[in-house]
Amino acid sequence: MSPALPDDVVTAAQSGDAAAFSRIYAALAPGVNGYLKVRGLEDHEGAAQEVFLTVFSRIGSVHGGFQGLRTFTFSVAHARYVDDVRRRARQPHVSGYDPDTDVRAVDSAETAALESLEATGVGQQLKQLKPEQQEVLLLRVVADLSLEQVAEIMGRTTGSIKQLQRRALLRLKSIVEREEALV
């Protein structure tokens, strides 16, 4: 959960205060980076930096204090995710990784991270949900956004977000129960 900042920090950033920009970045960057990483962007850190370049260049147009800035920031992050999905869809398919030809002595950091996520089962369980359900859970849990903020980002009503979240949680529950029954 990102720490909430007072609205005067946003006002100070809109006036050009460098310390305010730093505080905003420190408060929002971990959530944005986590959101983009879980969504599967290859260069999630680079995308997070692009998000903040966009947000900071447009900070003068932000209304609603810190919560408004937070919603705007995750709207930009979501747009970067959508851009990445579209870019990947237009690119030719890249051949898979062949471990037999890899001469490195240790696994890459990416491999270790993916194995860690799969070891918990969370990644596999999330992949079993519909993309919209994944999106809602990630924005609600990883980004710690309110129902209203998620609705604004996804261009839906708050009621539909509630319903997507409810269905996603029920589906996750049945997945976990089914996996536990197999153990």
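## Contact of α1 with α2

Contact here means heavy atoms within 4.5 Å. The model is predicted. In it, Val-9, Val-10, Ala-12 and Ala-13 of helix α1 meet Ala-20, Phe-21, Arg-23 and Ile-24 of helix α2. By class, the residues of this contact are seven nonpolar, no polar and one charged.

Helix α1 spans residues 7-14, and helix α2 spans residues 18-38. Their axes lie 7 Å apart, at an angle of about 130°. The two helices are therefore oblique to each other. The crossing of α1 past α2 is left-handed.

## Contact of α2 with α3

Helix α3 covers residues 44-57. It packs against α2 at an angle of about 135°, and the axes are 9 Å apart. Angles over 145 degrees would count as roughly antiparallel. The pair α2 and α3 is therefore oblique. Here α2 passes α3 in a right-handed crossing.

From α2, the contact takes in Phe-21, Ile-24, Tyr-25, Leu-28, Ala-29, Val-32, Asn-33, Leu-36 and Lys-37. From α3 come His-44, Glu-45, Ala-47, Ala-48, Gln-49, Val-51, Phe-52 and Phe-56. The class count for α2 with α3 is 12 nonpolar, three polar and two charged residues.

## Val-142 at helix α7

Val-142 belongs to helix α7, residues 131-142. Its relative accessibility is 30%, so Val-142 counts as partly exposed.

Val-142 and Val-32 are 110 residues apart in sequence. In space, their C-alpha atoms are 8.6 Å apart. Leaving out residues up to four places away in sequence, Val-142 touches Gly-31, Gly-34, Tyr-35 and Leu-137. Val-32 itself is among the α2 residues in the contact with α3.

The cut-off is 4 Å. Both residues sit in helix α4, residues 65-90. They are three residues apart there, which means a separation of about one helical turn. Asp-83 has 39% relative accessibility and counts as partly exposed.

Asp-84 has two arginine partners. Its side chain meets that of Arg-87 in a salt bridge, N to O at 2.4 Å. It also forms a salt bridge with Arg-88, where the closest N and O atoms are 2.7 Å apart. Arg-87 is three residues from Asp-84 in α4, so about one helical turn separates them. Arg-88 is four residues from Asp-84 in α4, again about one helical turn. Salt bridges that share partners also link Glu-50, Arg-80 and Asp-83 into one network.

## Burial around Asp-84

Is Asp-84 buried or exposed? Asp-84 is at 9% relative accessibility. Buried means under 20% relative accessible area, so Asp-84 counts as buried.

Arg-87 is partly exposed, with a relative accessible area of 32%. Arg-88 is also partly exposed, at 33%.

Key:
Residues are numbered from 1 along each chain as its sequence is written. This is a predicted model: local features need pLDDT of at least 70, side-chain atom pairs count only at pLDDT 80 or more; totals for chains, interfaces and linings use all residues. Side-chain values use heavy atoms; hydrogens and water are left out. Buried means under 20% relative accessible area, exposed over 50%, partly exposed in between (1.4 Å probe, protein chains only). Axes are lines fitted to C-alpha atoms, for helices over the stretch in contact, and angles run from 0 to 180 degrees between N-to-C directions. Angles under 35 degrees count as roughly parallel, over 145 as roughly antiparallel, 65 to 115 as roughly perpendicular and the rest as oblique. A crossing is left-handed if the near helix is turned anticlockwise from the far one by less than a right angle, and right-handed if clockwise. Ala, Val, Leu, Ile, Met, Phe, Trp, Tyr, Cys and Pro count as nonpolar, Asp, Glu, Lys and Arg as charged, and the others, Gly among them, as polar.
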